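This briefing covers the sheet, the helices packed on it and the nonpolar cores. Please keep the sequence and the model at hand while reading.

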Amino acid sequence: KHFLYLPLEIFPVKNYIFLGYKNCDKEEIYKQLGKYIKTNTALLEIIRKVDECNLEQDQGQVMSIGSVNVLTMREYIPDNINSLCVLVHELNHMSCNIGRYIGVVHTEDSEEFFTYVQDYLLGKVLNSIKNGKNNIK
């Protein structure tokens, strides 16, 4: 399992990534989120969204409340093409949520913004997995 906290220094968003987490791990997810999200309303809203999800139904998903994004994948296998594709797919959703939150409209002119955010997130996640680090900043 990997848990990653990825704040984006230049944007007021918080990103939490849980790789290899299933329904039986929801309490651990709530505990990790509680360490970082200090606003009770935001914490309760994102916990409600996670609680409503079946983490074993989809390969991955992103839940968003305002500036908070939570990505879950039920399984991540390093060096597995399918795992990498699912991760990239979910990070694309996360980058779209970030753009929406800060008011960037997805157009042909703004595509580079979204691709750079996705590249940044993917690089952080893959480097932390490669280096065996959880909970990176």
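Four strands form an open sheet in the order E1-E2-E4-E3, with mixed pairing, where strands are DSSP E runs of at least two residues and helices are H or I runs of at least four, numbered from the N terminus. The model is predicted, so local features need pLDDT of at least 70 and side-chain atom pairs pLDDT 80 or more, whereas totals for chains, interfaces and linings use all residues. Residues are numbered from 1 along each chain as its sequence is written, and side-chain values use heavy atoms, leaving out hydrogens and water.

**Sheet**
- E2 and E4 pair in the parallel sense over 6 bridges, and Leu19 has Met73 in E4 as its bridge partner.

**Helices on the sheet**
- Helix H1 (residues 26-36) lies across E1, E2 and E4 and runs at about 155° to E2, with angles taken from 0 to 180 degrees between N-to-C directions of axes fitted to C-alpha atoms, for helices over the stretch in contact.
- H3 touches E2, E3 and E4 (contact means heavy atoms within 4.5 Å), and its direction makes about 165° with that of E4.

**Nonpolar cores**
- The largest nonpolar core has 22 residues, with Leu87 and Leu121 among those with the most contacts inside it; such a core joins buried (under 20% relative accessible area, 1.4 Å probe, protein chains only) Ala, Val, Leu, Ile, Met, Phe, Trp, Tyr and Cys residues through side-chain atoms within 4.5 Å.
- Its largest share, 7 residues, comes from H4.

Key: Buried < 20%, exposed > 50% of the residue type's maximum accessible area, 1.4 Å probe, protein only. Pairing = 2+ DSSP bridges.
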